[in-house]
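Dear colleague,

Please find the structure below, together with a short account of what was found in it. I would be grateful if you could read the two side by side.

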Amino acid sequence: MLFRSIGIQTYRDIKENNLLYVDKTKEINELINSGKYFFISRPRRFGKSLLLSTLNEIFRGNKALFEGLYIHDKIDWEQYPIVMISFSSITYSQTKEIFYTELIEKLKIISEEYNVKITGTTIVSAFNQLLQELSKINKVVILIDEYDKPIIDYITKVDKAKENREVLKEFYTTIKDNDQYIKFCLLTGVSKFSKVSVFSGLNNLKDITLSEKFSTICGLTQKEVDDYFDDRIPWISKKLKLTKEELKEKIRLWYNGYSWDGVNKVYNPFSILNFFEDGQFNNYWFSTGTPTFLIERAKIDKINIEEIENRRVGIEIFESFDLENLNFLSLLFQTGYLTVTNIDNTRGICVLNYPNEEVRKSFLIHIAANYFNTEITEIRPLYNDLYDALKSGKIDRFILLIKSIISKIPYQLHIPKEAYYHSMFYLISDLMGIAVDLEKNTSKGRIDGVLEFDDKIYIIEFKYLPEDKEAEKLLEGAIEQIKEKEYYLPYIDKNKVIKYLAIAINREKVKYKLEE
């Protein structure tokens, strides 16, 4: 098969043009035989549209398109009428009346495809009539793509989002009222709004978002990447001057890691397909939709960026996505910037993390640019300067650069707490590419920060500097704390110079003391 299938979301186009299709029909067959009404949320560019397009061809009975795939000899290939709607193709950006009218018009277009006539003038009457008329042919299959787009696109304009939500509630409620006419129904989207706020009476949807059984129905597993793309490894390995093993490990680090059950991990298809096409590590997925709204929320809500990683939360977070009560971590999870690394269903606890380096690095760069009022294009040069200063031991230069960063942060965003400066230092250090282990536990206490280079290790103790305190005494106390607690012990066998660095910091001052 030819490789270039990036961005093509129509199953028929992929097969008829002999493009690459990773066989997901085993999971699809399992889904078809598991029930009737389903819902799944996945981030953008994750193959949701292709999943629905594949189901569309299956339920149309197009067996020839599936030759050689798992499902080819597993079903009877009966033909069903299909109501397939993508809300990305319907006008919802203008008035509520236009959105309402466009949705009815879409239903009429579908009716014309099957040579049936509908006369309803409301969403309920038109949809009811369509389902009843189509059921005279056979039971109906309903496939809805981007069910939430009219809401998500206006998440910062709540009144408009609520207006669109009311139209959607009327549409989705109709589905349950016509159960006897329906064979199968699948809704996909980015978010999972509460059933009360959007689906109303449609409370029989089975949410498979976190299901282990269907955790890999969208995205590519490690086995699939190895099976379908192994022939791409030699030339990329040569191009990037990495061994095959080094390349594969870096690919995993950069692009693997999305999980919705804490067990099975997948690659974002858009990123990994682009990587194997270009042979270059880039921020493919992230660059298609910079999360400006999320970054603004992080700054305004004064989120401690350091606390986003390895965040333990109750599993209720997956239900807390509503216009009237948006949770920041839930937003990050729903939109793909955080993923599940562990779930303890018996205790109702899960752990959230960045899925991979592409997302983590890109997100932190945008956060840093926003926090520090700096252009995105200036971030990498800035952190390179910081890195060079520390690596060469030019601490005065390093502190001067830190001061310049702090001076750009608006006064109202400063938090006079030590944790705030921990978070800022974490952001700076991570983007410098230095091994950082903030608040590392030892047998005698917690180290505020450890920065490790090839030839030296900085053990860092942070102190917030209140206006009425003397920096010198605070710094001396911090150095003594490092020595007394013996924070250096875990590193003495590394044959590197160990430096003790105490930093006292507030909005106006950055002072330091360095000892070896």
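A residue is called buried when its relative accessible area is under 20%, exposed when it is over 50%, and partly exposed in between, using a 1.4 Å probe and protein chains only. The model is predicted, so local features need pLDDT of at least 70 and side-chain atom pairs count only at pLDDT 80 or more, while totals for chains, interfaces and linings use all residues. Residues are numbered from 1 along each chain as its sequence is written, and side-chain values use heavy atoms, with hydrogens and water left out.

Helices (H or I, at least four residues) and strands (E, at least two) are DSSP runs numbered from the N terminus. Ser237 belongs to helix 10 (residues 233-240). Ser237 counts as buried because its relative accessibility is 8%. A polar atom of the Ser237 side chain lies 2.3 Å from the backbone oxygen of Leu242. Beyond its neighbours within four places in sequence, Ser237 is in contact (heavy atoms within 4.5 Å) with Leu242, Thr243, Lys244 and Leu247.

The second topic is strand 15 (residues 456-464). Seven of its nine residues are buried, so strand 15 is largely enclosed by the rest of the structure. Two strands pair if DSSP finds at least two bridges between them. Strand 15 pairs with strand 14 (residues 449-452) in the antiparallel sense over four bridges, and a hairpin of three residues joins strand 14 to strand 15. With strand 16 (residues 497-505), strand 15 pairs in the parallel sense over nine bridges. Ile459 of strand 15 stands opposite Val450 and also opposite Tyr500 in strand 16.

With kind regards

Key
A polar contact is a pair of N or O atoms within 3.5 Å; within protein, one must be able to donate a hydrogen and the other to accept it, and residues adjacent in sequence count only if both atoms are side-chain atoms.
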